[in-house]
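Please look over the structure below before reading on.

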Amino acid sequence: MPYGRQSISIEDIDAVVDVLRSPFLTQGPVVPAFEQAISTEVGSEFAVAANSATSALHIACIALGLGPGDYLWTSPITFVASANCGCYCGAKVDFVDIDPSTGLMNIQDLELKLQKAEKLGRLPKVVIPVHLAGASCDMRAIGQLARRYRFAVIEDASHAIGGKYQGRPVGSCVHSDICVFSFHPVKIITSGEGGLASTNDPKLAQYMYELRSHGITKDLNRFERIAPGPWSYEQQHLGFNYRMTDISAALGLSQLKRLHEILAERHRLYQRYLKILADLPIRLLQISEEVYSSLHLAIIRLDDPSPKHHRQVFEGLRGCGIGVQLHYSPVHLHPFYRRLGFQEGDFPEAEAYARNALSLPLYPGLQESDLQRVADSLKLVLQA
Ligand SMILES: *Cc1c(COP(=O)(O)O)cnc(C)c1O
């Protein structure tokens with residue numbers, strides 16, 4: 001039993017096969033159709049598909065002007081890609097500690113760090129809040145700080161497609177500039193590999209469309225030179241080949257049709273967990289009442305915070321065939337980030353989290369008996 005797993009239907013397979021039989025495997029009609037469908041789903045003006053969320057984060061940072069000498073801040077409890085995108089741009093990366101109850105970026109810590117940074121003249125250009133496990137951060141508060149301290153906001157919503165904040169879909173960018181989703185197989189819906197950036201800003205969207213394809217434009221109206229002929233294109237920026245294929249987009253589009261079904265099933269399973277784990281010495285991450293989580297992960301924290309206990313519970317559950325995982329080992333403590341100067345003690349709540357958190361299996365297709373086995377095994381190893 002892994003901690004997460006994709007669910008592929010006959011319709012998904014047919015949709016992919018249809019593309020394989022069509023004239024376009026890539027740069028055909030399906031990527032724009034997928035972008036349109038996501039745009040409609042999340043309520044954004046624009047959607048820019050890419051070959052991964054990592055690529056989407058990278059071009060989002062470039063579009064927002066992040067470069068050498070700038071700062072990017074994110075949460076230490078995230079996948080490394082949320083921070084790496086800053087390094088790709090030559091910017092300096094820093095972190096804001098988490099709120100231990102939710103696992104999300106701590107807004108008070110963010111505000112204090114901004115006050116200090118302002119005095120030092122080191123305010124961030126971009127802040128990336130991460131919607132850990134599918135629960136949106138407090139985006140209204142972050143948006144207010146963004147206006148006051150003039151930084152741009154990219155939501156890392158890799159876990160959070162289908163989620164809501166204050167009744168609005170994650171991705172509608174009411175309090176952010178850009179929102180990024182991942183369609184890696186372990187996420188809520190998949191396109192094999194894939195990602196997408198939503199935004200309401202036409203300039204950011206245009207720039208990201210170009211950056212994902214070498215920085216090239218084919219639109220004659222946008223040419224800087226006089227076009228030598230209708231056969232030409234112009235490279236205006238240094239871009240990449242970060243395009244999504246039509247094969248991927250067909251899978252993503254087909255999966256998107258089941259998004260609400262998938263979320264309902266995740267919620268049903270999660271409610272069962274709440275019930276059958278209620279008496280154990282553990283806590284699930286808290287979810288704010290303003291948030292509808294897409295419940296990408298079922299993260300628990302052990303009441304006993306000793307590292308030995310954490311390891312034993314981990315190994316015990318793995319021994320029972322239950323593929324628990326830690327989401328995440330704090331980014332600042334990876335060797336690459338330590339070499340940039342980060343060390344133990346820099347972000348105490350994130351480090352404490354990593355000593356007692358673990359993700360239980362949660363994905364459509366789990367049976368009642370599977371959940372019961374997780375609960376029984378957990379009870380057993382917690383007593384050991
Ligand atoms: C999965 C993930 C990413 C990267 O997604 P890819 O599509 O695999 O590049 C980025 N941030 C977070 C929080 C993720 O979980």
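**Notes on the structure**

1. The strand order β7-β6-β13 makes up an open sheet of 3 strands, with antiparallel pairing. Strands here are DSSP runs of E of at least two residues, and helices are runs of H or I of at least four residues, both numbered from the N terminus. Two strands pair if DSSP finds at least two bridges between them. β7 (168-169) and β13 (291-292) stand at the edges with a single partner strand each, so one side of each has no neighbour in the sheet.

2. This is a predicted model, in which local features need pLDDT of at least 70 and side-chain atom pairs pLDDT 80 or more, while totals for chains, interfaces and linings use all residues. Residues are numbered from 1 along each chain as its sequence is written, and side-chain values use heavy atoms, with hydrogens and water left out.

3. Back to the sheet. Strand β6 (residues 164-165) runs antiparallel to β7, and 2 bridges join them. K164 stands opposite P169 in β7.

4. Which ligand atom does a polar side-chain atom of D156 lie 2.7 Å from? It is a nitrogen atom. A polar side-chain atom of H159 lies 2.6 Å from a ligand oxygen atom. For S182, a side-chain N or O atom is 2.8 Å from an oxygen atom of the ligand. The protein covers 93% of the 380 Å² of accessible area that the ligand has on its own, by the Shrake-Rupley method with a 1.4 Å probe.

5. Two backbone details remain. H327 and Y328 are joined by a cis peptide bond, with omega about 10°. Y328 is in the loop between α10 (307-319) and α11 (335-339). Q27 is not a glycine, yet has a positive phi of about 55°. Q27 lies in the loop between α1 (10-20) and α2 (30-42).

Notes
Polar contact = N/O pair within 3.5 Å; in protein donor to acceptor, adjacent residues only side chain to side chain.
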